[in-house]
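Please look through the sequence and the model below before reading on. The explanation that follows takes a few regions in turn.

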Amino acid sequence: MRVRAPSVPFRPPRSFSMAVTGSVRVRLAPSPTGTLHIGTARTAVFNWLFARHHGGSFLLRIEDTDRERSRPEYTDNILEGLHWLGLDWDGEPVIQSERIEAHRAAIAQLLASGHAYRCYANEAELTAMRELQQAQNRAPRYDNRHRDLSPEQEGAFLAEGREAVIRFRIDDGAVITWQDLVRGEMRWAGSDLGGDMVIARRAPADQIGDPLYNLVVVVDDAAMAISHVIRGEDHIANTAKQLLLYAALGHTPPVFAHTPLILNQEGKKLSKRDGVTSISDFQSMGYSAEALVNYMTLLGWSPPEGMGERFSLEQAAAVFDFGRVNRAGARFDWDKLNWLNGQVLHGLDPEILRQQLLPLWAARGWGSDGPCAEADWQRQLCALLAPSLTLLADGVEQALPFFTRPEPDAAALAQLASDGARPALAALLALLPEDGEALSAEQAQALLGQAASQAGVKKGVLMKSLRAALLGSLQGPDLVTTWRLLHPSGEDRLRLQSSSTVP
RNA sequence: GCCCCCAUCGUCUAGAGGCCUAGGACACCUCCUUUUCACGGAGGCGACAGGGGUUCGAAUCCCCUUGGGGGUACCA
């Protein structure tokens, strides 16, 4: 190992396998106030990758303490999304709201040890305080006014019938530091934390109100024996506060890793307002879990030299470490996601692709009877279409002329009306073998040559016209294969008949 | 406002003082392939934000500027 001078800033080692001691236990802690967001999912990916790389556990905790906004259907959506992505978790998810007694006990402990106290300031007083600070161009912060109330002062507030929040003391002089797995040494001044923080909502002064985020996270992470907290960099300030709580509660803090954020096209934190951001939305748009998870991994992490950019979760887990996690935010790019999804689709086995397309086709009433219901025919169609798919849904659009008779577009109509087109198609029609029989590629080519010479047109004219007749378009998949797929049902004959005669 | 973080092609990134004439991927352009479109293949375009240091040597280390982002709740 290279020896570095102390002045050299911390750089995470290339591999953390040596730096990680004991068992790795990480968690994802989504709050069910919305569907599974891509930012949360990417955090899940990093947690999962880290856990699997170290043979540790990836746990789930549903942070539903905001009763106003939490909804059970969101929990379902989050769990389903993670499952679909292949991010399997260990054990049953912890439901945070069920742990409220543990949270209250911790607050009671902080009250008893003098780390926390009751603050009787009401809404109006706090608002006035902040407005004054704003007016003086100072940072808004709680001025710790009730930190050391005398028994007389406290008694007076009580006599007024005031309720109280519970605040945790944050010394202005405190200096909080930690070694961040992606950012190196982090340092935060207690005076920049906004004053003593509220850890329990307002309640009658003889009670402990609803415990708040920073407190419950620390209590739960400690109880779950979380070894590494991996979350977005928007949590950095929370980490400083939480570290203070760990110390006051007598718990050993975990190791922290703050990952870069996913940004929108404008370079701002991706939010719901940016359109499609829910995993379930990507799913219904036809993106594959494989491509999506691959893309999310690439947003902020880079694979080692020689690995390439296409990989499975397992392959990434084998080499994942925070030394290769970038520090700057990453813009979301549809082009790259689309490319990745196309790559996945192109490489799909025709039978697998058929299984995925079947329900989509069925929704259009396709493929349930007749020659088009044959599995083998469908597989051939899938093999034909696969290389041109970007989204799964493209397999519906592009299969359309195989299941239904297409309406010729303007270019196709023009082609059919051009010199030699109809005679050539008529000649081909006359040579067409019986329906119901397979047509070999060689046979098809021979027929094409024969018909073209009989009609006295170039083969290219016939090819182009045949495409117009069969697909109603001048563009599409391989012509001979298309024709062969349309032949057994006699569909080629019908389309040639209607195209070779003047309407 | 204050605090913190960040800064390489349009985008995602490689880069750990000499392997850099800065590499890869997406996008874009050209060509090949395909009697079409896509796929595939081969090329091309394209970046170290600026300024100071340190050093024989800086994309890399330090400082300043600029720009961008995050945070600043009785949400999580």
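Which residue just after H18 takes a positive phi? In this predicted model, the residue is Gly-456, whose phi is about 70°.

The residues of H18 that are buried, with under 20% relative accessible area, are Ala-444, Leu-447, Leu-448, Ala-451 and Ala-452. Around the axis these residues cover an arc of only 125°, and they are therefore placed on the same side of H18. Glu-442, Ser-453 and Gln-454, on the other side of the helix, are exposed. As for the partners of the buried residues, they pack against helix H17 (421-431), helix H19 (459-471) and helix H20 (479-486).

Another region to examine is the sheet. Three strands form an open sheet in the order E1-E2-E3, and their pairing is parallel. Strand E1 (25-28) and strand E3 (94-95) are the edge strands, each of them pairing on one side only. Between strand E2 (residues 57-62) and E3, the parallel pairing extends over two bridges, and Ile-62 stands opposite Ile-95 in E3. Helix H1, made up of residues 38-53, lies across E1 and E2 and runs at about 165° to E1.

How values were computed:
Residues are numbered from 1 along each chain as its sequence is written. Chains are lettered from A and ligands numbered from 1 in the order in which they are written. This is a predicted model: local features need pLDDT of at least 70, side-chain atom pairs count only at pLDDT 80 or more; totals for chains, interfaces and linings use all residues. Side-chain values use heavy atoms; hydrogens and water are left out. Buried means under 20% relative accessible area, exposed over 50%, partly exposed in between (1.4 Å probe, protein chains only). Helices (H or I, at least four residues) and strands (E, at least two) are DSSP runs, numbered from the N terminus. The arc is that of the directions from the helix axis to the C-beta atoms. Contact means heavy atoms within 4.5 Å. Two strands pair if DSSP finds at least two bridges between them. Axes are lines fitted to C-alpha atoms, for helices over the stretch in contact, and angles run from 0 to 180 degrees between N-to-C directions.
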